[in-house]
Amino acid sequence: MNLNFPPLAEPVARLMEEFHKLPGIGPKSAARLTYFLLRMPESQAKALAEAILAVKEKIILCSICQNLTDADPCSLCHGETRDPSIICVVEEPLDILALERTRGYKGHYHVLHGVISPMDGIGPDDLKIKELLARLQGGTVQEVILATNPNLEGEATAMYLQRLIAPLGIRVTRLARGLPVGGDLEYTDEVTLTRALEGRQEL
Amino acid sequence: MTRPRVYKTEAIVLKGMDLGEADKILTLYTPYLGKLSAVARGVRRPKSKLGGHLDLLTHSQLLLAQGKSLDVITQAQTLDSFLPLRQNLWLTGCALYAAELIDRFTAERVENPALYRLLLNALNWLIQTLDANLTLRYFELHLLELLGYRPQLQQCPLCQTQLKPTTNFFSPAHGGVLCPSCGTLEAEARPISLNTLKVMRYLQGNDYGIASKLRLDGGLAKELETTMGGYIRFHLEHEVKSVAFLNDLRRQEAKAHPFGPLSPGLRQ
């Protein structure tokens, strides 16, 4: 896209082009954001710029759980209150946020940074699986919870991990799959319903 | 022909790509509209009405509305989710391989009902098969035939002589098996054993019900796979990406269970 037509000052055009690179930002949104920033107090604009730089400079992967962090090991791996005998395996760092919101899980995490996707050429070697297996060597871990997404690729990844971990004598569990709270039976697909029936519980 | 604003079709979901917050762009394969891309809104939310009906390799009945660039899926109902396939890693890999071949060999909106039928059958065959490798080879040969790439296995495409029961040469560029005298002159032609040639003829000439009764030993299965793989690569001018994953599973299986496979046709 050429935003740099004559009446636009060079710094303005540059900022617009940078915004345009972000997901979901088209030329109009880029222009709107740019002009919003132009009218913002300088201190706020500086704070935004510094925040962007800080995430790029300070954020690294935790050497234990592979989550994004600014301190290694991260606060979740370091915390004394958490149970090191359980590891919950997730696809992406954002999944940890979702699980933490439940306040019901007190174990450790492991982020795979993706999912097995053979058609895209993403195989087990492209995920943080070696790092997970290394963590299971010490003997402290007694359970691995596979919390990959309940779709074909997530299930394939879970099955793959199960095959690797089960021979180590560690308990491997999978998050239950079934009906969502507030959902509707009528619209539920057969796979979900089958799993919900299999996983039914005594009231 | 102008398409109606809202239309119904059955489809098999070949591929999905995340879009925005909770949407997906899906690649669908349909009997009468061929391959098409469509947006499925909100399918990544747990409470989506569509989500479970539009997972990869699901056979669904769909209602689509014409959109500005991409059509939008408004309703979906599963016809078959191939559950046994989803519960087995090896078969999932095989099915994804079949889906990738369809995706790569077809262009958007080119209908091929017979090819659609073949894919649907292949997913069902994989659930029941005793040898998924054989099922995939059958699928490959008939896919090539339906696309107009049927390999010539009876007579040499160069000198037109009937092939003799001996070691001949397979040439992707000439689209078939060359006789020894022509084959030795072609640098890219590879020797093909008589047994492999016979198996290919058998798979090409018979219905799946009969062809699936074949039992191949490891060496023969390997040669057949290599020959077919070479031919497919030649026409795609590309690697088939899911092959790497299938090979990975085979290596892992060989290490874990040296005395036999747990899944149909995993080992060769």
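This is a predicted model: local features need pLDDT of at least 70, side-chain atom pairs count only at pLDDT 80 or more; totals for chains, interfaces and linings use all residues.

**Entry 1: the rule for salt bridges.** I then applied the rule over all chains, and the count came to 20 salt bridges.

**Entry 2: the interface.** I turned to where chain A and chain B meet. I found 25 residues of chain A in contact with 30 residues of chain B. The two chains bury about 2500 Å² between them, and 65% of that area is on carbon and sulfur atoms. On the chain A side, the residues that lose the most area to chain B are Met119(A), Leu152(A) and Arg163(A). Together these three account for 32% of what that side buries.

Entry 3: How many salt bridges does the rule find across the interface of chain A and chain B? I got one. Arg163(A) forms a salt bridge with Glu253(B), and their closest N and O atoms are 3.3 Å apart. Arg163(A) was already in my notes as one of the residues losing the most area to chain B. For polar contacts between the two chains, I wrote down nine residue pairs, with both residues at pLDDT 80 or more.

Entry 4: I listed the elements that give two or more residues to the side of chain A that touches chain B: helix H7 (152-165) and helix H8 (190-198) of chain A. H7(A) gives the most, with seven residues. By residue type, I divided that side of chain A into 13 nonpolar, six polar and six charged residues.

**Entry 5: the domains of chain B.** I moved on to chain B, which is divided into domain 1 (6-83) and domain 2 (129-256). Their C-alpha centres lie 34 Å apart.

**Entry 6: Asp103(B) and Lys15(B).** I went through salt bridges within chain B. Asp103(B) forms one with Lys15(B), with the closest N and O atoms 3.1 Å apart. This pair links distant parts of the chain: Asp103(B) is in helix H2 (residues 89-105) and Lys15(B) in strand S1 (residues 6-19), 88 residues apart. Are the two partners buried or exposed? Asp103(B) counts as buried because its relative accessibility is 11%, under the 20% cut-off. Lys15(B) is partly exposed, with a relative accessible area of 30%.

**Entry 7: Asp55(B) and Arg86(B).** Next I looked at Asp55(B), which forms a salt bridge with Arg86(B) at 3.2 Å between the closest N and O atoms. Asp55(B) lies in the loop between strand S3 (34-40) and strand S4 (59-65) of chain B, and Arg86(B) in helix H1 (residues 83-86), so the pair ties together parts that are 31 residues apart in sequence. I found both Asp55(B) and Arg86(B) buried.

**Entry 8: Arg137(B) and Glu225(B).** The last pair I looked up was Arg137(B) with Glu225(B), a salt bridge whose closest N and O atoms are 3.8 Å apart. Arg137(B) is in helix H4 (residues 132-146) and Glu225(B) in helix H8 (residues 218-236) of chain B, 88 residues apart. Arg137(B) is buried, with a relative accessible area of 4%. Glu225(B) is buried too, at 14%. I followed the shared partners and found one network of salt bridges joining Arg137(B), Glu140(B), Glu225(B) and Arg250(B).

Note on methods:
Residues are numbered from 1 along each chain as its sequence is written. Chains are lettered from A and ligands numbered from 1 in the order in which they are written. Side-chain values use heavy atoms; hydrogens and water are left out. Contact means heavy atoms within 4.5 Å. Buried area is the accessible area (1.4 Å probe) that two parts lose on being put together, summed over both. A salt bridge is a side-chain nitrogen of Lys or Arg within 4 Å of a carboxyl oxygen of Asp or Glu. A polar contact is a pair of N or O atoms within 3.5 Å; within protein, one must be able to donate a hydrogen and the other to accept it, and residues adjacent in sequence count only if both atoms are side-chain atoms. Helices (H or I, at least four residues) and strands (E, at least two) are DSSP runs, numbered from the N terminus. Ala, Val, Leu, Ile, Met, Phe, Trp, Tyr, Cys and Pro count as nonpolar, Asp, Glu, Lys and Arg as charged, and the others, Gly among them, as polar. Domain bounds come from an automatic or database domain assignment. Buried means under 20% relative accessible area, exposed over 50%, partly exposed in between (1.4 Å probe, protein chains only).
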